[in-house]
Amino acid sequence: QEPIIRMEHVKQYFDIRDSKGKKGTLKAVDDVSITVHKGETFGIVGESGCGKSTLGKTMLNLGAVTGGNIIIDGQDVTAFKSRKEKVAFGSKVQLVFQDPSACLNPRNKIKDILAEPFQIHHKKEMSKAEIEAEIDRLLTMVGLAANYKQRYPHEMSGGQKQRIGIARALALKPDIIICDEPVSALDVSIQAQVINLLVELQKQMDLTYLFISHDLGVVYHLCDRIAVMYLGNIVELADRDALYNDTLHPYTKALISAAPSIDKEKVERIVLTGDVPSPANPPKGCKFHTRCPFAMEKCKTEVPELMEVKDNHLVACHLCNKEE
Ligand code: SF4
Ligand code: MG
């Protein structure tokens, strides 16, 4: 079966200037290839600045990547040129943000916020009553009573606002939802409710999730497969169980060591020292070598390739890539 998302050597670079005005290139996503199957929840984890959000957004920045191809449902979205093509495709992939307030206009009532996708995409063919019926349907789906449509965003809790953000993303019946830290801004007690809602909706609507998070604990409970990113590259990619029970990359071990909600008996404890280096000026060789307790001489100069070292388990580390 053809995967619903196929990213091939995707690059997303940005021109930047440092504090002294010197020009440079920030390689936020640097040669990333992944495939995601229909109905799957694919996790992307890493510390902030690792490129995970940028990778998610390349799927929405239709036509605007620096390099590589992104094939969604058989169509190469990086080849789109006209606005018309992009709009026609746009409803297939939707984003749920970390901060729901970012997509909820504070001056609009919930009913207007939820009506907007229909007005943009189906202005001509839908009547007011039909749109209203869709809004009621969406509110029910996300577990909110119909009278919430008369409220303003500031009259709702963080969890309720995130439910509206999810309802809005679902309005046009997308196939793929990019969830970018969808529960990180919420109280721990609310996080589980929102995650359960996402799982329930996935079953009902046959959705594919790209789930982006810094929190390996959240990803562990939700994802089928997980890619770990560091400074723009995938360093390990495996099925959830293999990633946790047979962890290979020192950086993944460090993230697991730091995740409070994971039982860590099986994983060697690694405490990370130092900050993430600037993505604008990453270390040479293995980009992780400045923080890796196992770094060898060759790690400073030779870039480890992402290789399949076991069935469906890929890792980029000189310790694991034995045939080199
Ligand atoms: Fe550590 Fe070297 Fe492996 Fe990089 S390649 S993770 S520095 S051992
Ligand atoms: Mg981010």
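Which residues does Glu 181 touch, not counting residues up to four places away in sequence? They are Lys 52, Gln 98, Ile 212, Ser 213 and His 214. The model is predicted.

**Glu 181**
- Glu 181 sits in the loop that runs between β7 (176-180) and α6 (188-205).
- Its relative accessible area is 8%. The cut-off for buried is under 20%, so Glu 181 counts as buried.
- One of the residues it touches is His 214. Here the two side chains make a polar contact, at 3.0 Å.
- Thr 35 is 146 residues away from Glu 181 in sequence. In space, the two are 20 Å apart, C-alpha to C-alpha.

**Ser 91**
- Ser 91 is also a loop residue, placed between α2 (83-90) and β6 (93-96).
- Is Ser 91 buried or exposed? With a relative accessible area of 19%, Ser 91 is buried. The cut-off is under 20%.
- Leaving out residues up to four places away in sequence, Ser 91 touches His 121, Leu 172 and Pro 174.

**The open sheet**
- Four strands form an open sheet, in the order β2-β1-β4-β5. The pairing is antiparallel.
- Why do β2 (23-36) and β5 (75-76) each have one side without a neighbour in the sheet? Both stand at the edges, and each has a single partner strand, so one side is left without a neighbour.
- Strands of a sheet pair through backbone hydrogen bonds.
- β1 (residues 5-17) pairs with β4 (residues 67-72) over five bridges, in the antiparallel sense.
- Within this part of the sheet, Glu 8 is found opposite Asn 69 in β4.

**The cavity**
- Rolling a probe the size of a water molecule over the atoms shows where empty space is left.
- How many cavities of 30 Å³ or more does the structure hold? There is one.
- The volume of the largest cavity is about 80 Å³.
- The lining of the largest cavity is made up of 13 residues. Closest to the centre are Pro 250, Cys 286, Cys 292, Cys 299 and Cys 317.
- By class, 10 of the lining residues are nonpolar and three are polar.

Key:
Residues are numbered from 1 along each chain as its sequence is written. Chains are lettered from A and ligands numbered from 1 in the order in which they are written. This is a predicted model: local features need pLDDT of at least 70, side-chain atom pairs count only at pLDDT 80 or more; totals for chains, interfaces and linings use all residues. Side-chain values use heavy atoms; hydrogens and water are left out. Two strands pair if DSSP finds at least two bridges between them. Helices (H or I, at least four residues) and strands (E, at least two) are DSSP runs, numbered from the N terminus. On a 1 Å grid over the protein atoms alone, a cavity is a set of points where a 1.4 Å probe fits but cannot get out, and a pocket is an open set with protein on both sides within 12 Å along at least five of seven lines; lining residues have an atom within 4 Å of a point. Grid points are joined across faces, edges and corners, and a volume is the space filled by probe spheres set on the points. Ala, Val, Leu, Ile, Met, Phe, Trp, Tyr, Cys and Pro count as nonpolar, Asp, Glu, Lys and Arg as charged, and the others, Gly among them, as polar. Buried means under 20% relative accessible area, exposed over 50%, partly exposed in between (1.4 Å probe, protein chains only). Contact means heavy atoms within 4.5 Å. A polar contact is a pair of N or O atoms within 3.5 Å; within protein, one must be able to donate a hydrogen and the other to accept it, and residues adjacent in sequence count only if both atoms are side-chain atoms.
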